[in-house]
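Let's take a friendly walk through the salt bridges of this structure. Have the sequence and the model open as you read.

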Amino acid sequence: MKYIVSTVLLFISICTFANQPLLQNSYLRNGQSLNGRWHYIVDVYETGYYNYRMEPHDGTENPGSSAYFLNKKPQNKTDRVEYDFDAAPTMVVPGDWNSQEEKLFYYEGTVWYKKSFNVENYDASKRYYLHFGAVNYKADVYLNGKKLGVHVGGFTPFNFEMTHLLKEKDNFLIVKVDNKRAADEVPTLSTDWWNYGGITRDVTIYELDDTFIEDYKIQLTKNNNKEVSGYIQLNGENKGNQNVNLSIPELKINKAFITDDEGYVGFEFPVKRLSYWSDTNPKLYEVNISISKDKISDKIGFRTIETKGKEILLNGEKIFLKGISIHEENVMRGGRAWSIEDAKVLLGWAKELGCNYVRLAHYPHNENMIRLADEMGILVWEEIPVYWTIQWTNTETYNKAETQLTELIQRDKNRACSIIWSMANETPTSKERLTFLTNLASAARKLDDTRLISAALEDHGKDEDKNIMIVEDEFAEVVDVLSFNQYYGWYGGKIDNIKNIRWEIDIDKPVIISEFGAGALQGYHADNMTRWSEEFQELLYEETLPTLAKIPGISGITPWTLVDFRSPRRTLIPYQNGWNRKGLISETGNKKKAFYTLQKFYQNIE
Ligand code: GCB
């Protein structure tokens, strides 16, 4: 009997906790922020989650008193409760725990968070959603002692409806965050970046009516710069047969639609006199959608992006992508970047370099980056953390990768700046990996046929002549843009031989060099053949940039990388000291010599 009950409970929980559709453009909806100080308990042995037989408390009918999500308090002096959130310390959300508490700098495991709150202007007739910008890596979310859901994946948004569990006053929200790395996860065990744990992006409550605008896509039709197409999806009991209005006032567009039984309406309509979004004209239009009980406004840019032979065309015109790779870190404050201020610092530096393009490596960055790039006219490569050695034959692992890709596309599909979905970075070629990545690419194309698909592949020297570099990878046939990382002069090959190398590329596609670079400790000066000196890095840029410029079809570069970033792999003292030093800017915000080499190169490009 006990077995049947727990199986049924497990089944119910799997059904209930399936990911709920993501609220489109929550970014511009008014919500109640839950950012601020949250109490936390570090739970190395997961005592608050498993009982002493290692059964999850939330999988049993009567969770024991050590189930942390119950937020128990002793009822009298004889009562035993062995945890107390209110007596526990606090930390700031959003924020990673590693840079807020010295003891947690290297910590990987479970931390429980608790926030008490009242709902502002609570209305029992409304529906309420709880939205997380991201939690790294796994989040078990409980409201008022009941489970709301689980989310896996450290860099994408998710939300749960919480209407059924919410009260006007004295709610307690408890989140178990677990950032343990595991071989079958995405990313997997080994990466070259810091595994910052915690509730790393905003937490917000949204009040919605019984029927509301759940999702929409409004973009130029693929390869047609005179037509807008897309869909609107409503959610709620009365989603069918609803009047929906779509307007773009500046273009004098006013459309009225009626949803089908599923609350869906698809459309396409002509547009005239569009001012196309581009790096030099980041024009965003106000787009309004309304139904009787909901309205939402977005800012959307319209542009086409396509490839023709070896060229990338933005609005039909050839473009060279002057880029830089970026990790999501605010090194000067310390820790994961998340805010609009952080985005201004990072994209401000990219602009100063002369960039019109950034590679947001190696996972989806926060939405502030994308929204700001949209406003600043910076084109964006977005990526999921399918990095190095993923478990290619594990279906669960594939599903996790596809979920992250879906959540990313779902969030950013209306952003003009976003032009490339990258499936992976430096993954070792094999039949199984080809199937995995090809499936991901078709999933991306199904969700969004208006952007380009790529992945950061690798090159290597030809057997007969090591000065000739080639890319041997069947996935190159699948992508729209051939991109690869190349480290000649740093990981292999001599820096003074860079000028003699050339690439043999026999595929008729545009080429992006997704990485190249060298480590340098800012302030360390020596002759230019000395590793870790600013001069060595400068020379590598001086030699590499003109050599890359000769690649047939070269359409962009994103050197590695904008700023030094934390990585546990980088232990060399005194040069690395826990930092990957390939940044053009140090962790103190100081520019290295190579920053100016790249800046000059971009200034001279026409
Ligand atoms: C790479 C990786 C990047 C590393 C970089 C390096 O190819 O894609 O994540 O940080 O090399 O510095 O070795």
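Asp210 has a relative accessible area of 27%, which makes it partly exposed (buried means under 20% relative accessible area, exposed over 50%, and partly exposed in between, with a 1.4 Å probe and protein chains only).

Strands (E, at least two residues) and helices (H or I, at least four) are DSSP runs, numbered from the N terminus.

## About the model

The model is predicted: local features need pLDDT of at least 70, side-chain atom pairs count only at pLDDT 80 or more, and totals for chains, interfaces and linings use all residues. Residues are numbered from 1 along each chain as its sequence is written, and side-chain values use heavy atoms, leaving out hydrogens and water.

## Other bridges

The whole structure holds 47 salt bridges. One of them pairs Asp86 with Lys114 at 2.7 Å, N to O. Asp86 sits in the loop between β2 (36–42) and β3 (90–93), while Lys114 belongs to strand β4 (residues 110–117). Lys114 counts as buried because its relative accessibility is 4%, whereas Asp86, at 38%, is partly exposed.

Note on methods:
A salt bridge is a side-chain nitrogen of Lys or Arg within 4 Å of a carboxyl oxygen of Asp or Glu.
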